Amino acid sequence: MTVPREMPEKWPRVRGPGGAEEERRVRANAREYNEKFQYASNCIKTSKYNIVTFLPVNLFEQFQEVANTYFLFLLILQLIPQISSLSWFTTIVPLVLVLTITAVKDATDDYFRHKSDNQVNNRQSQVLISGVLRQEQWMNVRVGDIIKLENNQFVAADLLLLSSSEPHGLCYIETAELDGETNMKVRQAIPVTSELGDTSKLALFDGEVICEPPNNKLDKFGGTLYWKENKYPLSNQNMLLRGCVLRNTEWCFGLVIFAGPDTKLMQNSGRTKFKRTSIDRLMNTLVLWIFGFLVCMGVILAIGNAIWEHEVGVCFQIYLPWDEGVHSAFFSGFLSFWSYIIILNTVVPISLYVSVEVIRLGHSYFINWDKKMYCAKRRTPAEARTTTLNEELGQVEYIFSDKTGTLTQNIMVFSKCSVNGHSYGDVQDVLGHKAELGERPEPVDFSFNPLADPRFQFWDPSLLEAVKLGDPHVHEFFRLLSLCHTVMSEEKSEGELFYKAQSPDEGALVTAARNFGFVFRSRTPKTITVHELGRAITYQLLAILDFNNIRKRMSVIVRSPEGKIRLYCKGADTILLERLHPTNQDLTNVTTDHLNEYAGEGLRTLVLAYKDLEESYYEDWSERLHRASGAPEAREDRLARLYDEVEHDMMLLGATAIEDKLQQGVPETIAILTLANIKIWVLTGDKQAVNIGYSCKMLTDDMTEVFVITGHTVLEVREELRKAREKMMDASRSMGNGFSYQEKLSSTKLTSVLEAIAGEYALVINGHSLAHALEADMEVEFLETACACKAVICCRVTPLQKAQVVELVKKYKKAVTLAIGDGANDVSMIKTAHIGVGISGQEGIQAVLASDYSFSQFKFLQRLLLVHGRWSYLRMCKFLCYFFYKNFAFTMVHFWFGFFCGFSAQTVYDQYFITLYNIVYTSLPVLAMGVFDQDVPEQRSMEYPKLYEPGQLNLLFNKREFFICIAQGIYTSVLMFFIPYGVFADATRDDGAQLADYQSFAVTVATSLVIVVSVQIGLDTGFWTAINHFFIWGSLAAYFAILFAMHSDGLFQMFPNQFRFVGNAQNTLAQPTVWLTIALTTVVCVMPVVAFRFLKLDLKPELSDTVRYTQLVRKKQKTQHRCMRRVGRVGSRRSGYAFSHQEGFGELIMSGKNMRLSSLALSGFAARPSASWIETLRKKKGGEGSTACSPSGAADKTLKV
């Protein structure tokens, strides 16, 4: 290879001092040369283990969990004879069980990862080796190899496209696996290599590429090809990335630049952030507190042991000698401390963590099995892709939603248009009058056009009549739509056209032109062929002035067969109306009225215009464009100035209005979630979100004011936010709410100020303003303003800004956030939020793959949160309260017993009861409650959205509830020990013998405990199923069966050293005194709980109690419903512009290259006094907060429809 003069003779080093790759050099067909750089092979590995490393690595990972390490520590203590009063199996059995279950789960997951890796690595690819194409596995492909791809094949590695079967080295790819977009994209080889179409020429190709090191930027690539003493710049348009699929291209050749883990696909597959629920974090804190409490109890009992041994025990050395190695009372107390740590460790049993995972798994299956969240049309069920976040679904306060494809269907329909001041598209009746809502006649008949798309429907026949009558303005309108685009056409058979559009908007516009007789048929790099009313016309394509988010328009310059040069342009009304010729003023006014009307209906609008160009002007402009295109610096700015120059003094043709239909049930879902005090923010890259906000009732004309933030500088944005806050404060003061503005300003807690704001407000902010609002010195001001508003819409935001907004609320509000979206641009938002929900829609599966939950329609979110989420939170809270209660009741008996056994670390219960208590006797009933319990039926959960608020306020399980549970457990343990102790002090058997022996006492206390906790869970269970009955009474039966078995002759004869107390259970439980003691203990333990709950229900019922009572009272009444009135709205001037598009295609082509709620629920709810306790707690919560925002105003106070 000859090195050009511009190329440095002495190569810079490829790797930096730390071993990081600074640049990449790849030479074609030179494996030996490339191997010295030690680039990664094309073998990928997503698995974590192999057969040798699985056991040690998995165990190491599991013991990273504090709980597992804690129980391992206890096991080691139990193996020391001097301090252990319990057998080692009481800890090792549950520990091994937990480790085994987790290991099996991890092994299964890794097996599927291995299987997936092998499947990918063993795919076949054609590699050019020594001038011959050979079949090689993907894992054997190396950097620098030239490989051949055929149509519909996956790209094996990141390739530099060298040549293809298409003219000018073009090829078409689908990138759904990379970015979730199913629209076809175009890539092109550089001209110097596009002619290398056969293997003999490619075998001689020895070009060398110097490019950037591996990175995760999917849309950027920079490098240079050095070949034949020349250098050629390379960009992302020349690259085929791994994960893409070759489409509509017979074959292509590519040079491997990045392989395996270095490819951009693998660079983007970083680990998903591990999400934990607030209950998990609280449990970790509580476990540390319990451990501290455990240490305190151990210290107290150890001191007691040392004192007892020093004062009393020393007198009984003959009968109770110290263990070998114990020479002082102090050392005896030290050993006693560790013994009690072992005995009392059951305050936090390992079964707690197992039970939590089982309950979460059950909740996940309920979501997966919910037929009411199944979409029959797409055959898509709801899917819980994680099992760790279910209860947090019941605590969501903020929802961040994408718009297109999430709130809308992302299926664009050409709905209306304005041509030369005449509006078309209104549905008309047989008399030609505008039809009423719900009246829809037959659609327009397009049978005259054999190339029409049969799926296209239009309802206004007057537009077709105008076409047939030869209206020149209508013809020019549709001619523009058939020419000004970047759509690719594929004709599989004669007359059977398939359009590949990079955005649904473009596809809808070109399809509309097709049906009205202007059929885009085919294109080459320099021509566009259109069938105009059956006549084929080929236009010379002179230039494409591409779309981008700054220009907000695109244009084409074409030469007609008559030699006439004309520019056609379509774009945003706010941009194009400024570029029209002054003679268009009257037509502009009429068209603007039509645009207002369309925008008021939530339609996506574009303005169309044209301009005739003189030949001489075009030649001069084209020459300047050519020079600007090749400029090494400021190329984009030069092109933008030239585009702006030619796109002036245009003639207005009209406007289009495309309907991106709302998904079914979106307005009702948003209304109900708002009643549940959930704030919904729309974060979208689309401008049209404002109009959709009105369509889905997030924005209404009844709102006090809608603030629109459009500042371009930091000072402008800050001033607009300040004015918005001042208006809210002034309006609130003028409405006489008792607060003065100065009082509010002097408040140290902003949340209390915001709660005092009256009226309903909305905030709309665009992307460039949001960039300033998210800066560190202004983010709090933005959040203050946004949180005082009922609705927030962020338009034209980037994926990174979506994630930043979510992170901002997480940081300051400390609220549970949920993000929902359907596209690859929503992935960062979905991963940032506490809970991510993916919509399996039109934009690939990237959002679903990154999500925690997925389903097919936005309306299912209502059921996910208000039913599954609320129940999951309720069940988990009740489970944890009961679990801590039963274990404190069980364990604290040992503490009281220590004062009566010389602090000798003797247990009350036998070791088998200790082992089986949490595994057999009490595990299944609490699991049944945790999986199946519910306070109100699902219908009531949906009808009474305010039931959701206790989860947002975290009322059902918090530090206060925890202390109440352990206080009840300690109270129970005191009665459990001292009532039998007092009775046994003087009790006798039927035969007159003394009843008080250690084993009889142990059986009595254990039986009392099992019965009391079984009665307690019966009281806690709100929804009884056959499984609850079976588990509760079955556990009691199992206890007695195992108790009698362990004291039977049979076991004694088989294991005389383990089961020495033959017949003790039978003899003890045969005594009436024992049963009276058990009954007395049970009544005294349970009666205060029953009395407290009865009084609470009567004097201060919770919302769910009221709903249950209402349900019982009205059970026999026929439920009445009323529909929400649809309130009309007079639309103000709003731009309806929306154009989902990407730049870059033009250059490639030119180079050739009705909410229904129960009226009973709504009418009775607002007046119900029991709701006030929630509001009181909410204000208390807000008052304690030190951060930026508060619940929305009026919507939080009363239920409104």
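Student: What is the mean pLDDT of the protein, and what share of its residues reach 70 or more?

Tutor: The mean pLDDT, the predictor's confidence in each residue from 0 to 100, is 82, and 84% of the residues reach 70 or more. This is a predicted model, in which local features need pLDDT of at least 70 and side-chain atom pairs count only at 80 or more, while totals for chains, interfaces and linings use all residues. Residues are numbered from 1 along each chain as its sequence is written, and side-chain values use heavy atoms, with hydrogens and water left out.

Student: Why is the pair of Phe884 and Phe962 called edge-to-face?

Tutor: Rings of Phe, Tyr and Trp (its six-membered ring) pair if their centres lie within 6.5 Å; planes under 30 degrees apart count as stacked, over 60 as edge-to-face and the rest as tilted. Here the centres are 5.2 Å apart and the planes stand at 85 degrees, so the pair is edge-to-face.

Student: Why is the pair of Phe1030 and Phe1031 called tilted?

Tutor: Their ring centres are 5.9 Å apart and their planes lie at 50 degrees, so this pair is tilted.

Student: What makes Phe884 buried or exposed?

Tutor: Buried means under 20% relative accessible area, exposed over 50%, and partly exposed in between (1.4 Å probe, protein chains only). Phe884 has 1%, so this residue is buried; Phe962, at 2%, also counts as buried.

Student: Which classes apply to Phe1030 and Phe1031?

Tutor: Phe1030 has a relative accessible area of 60% and is therefore exposed, whereas Phe1031, at 22%, counts as partly exposed.
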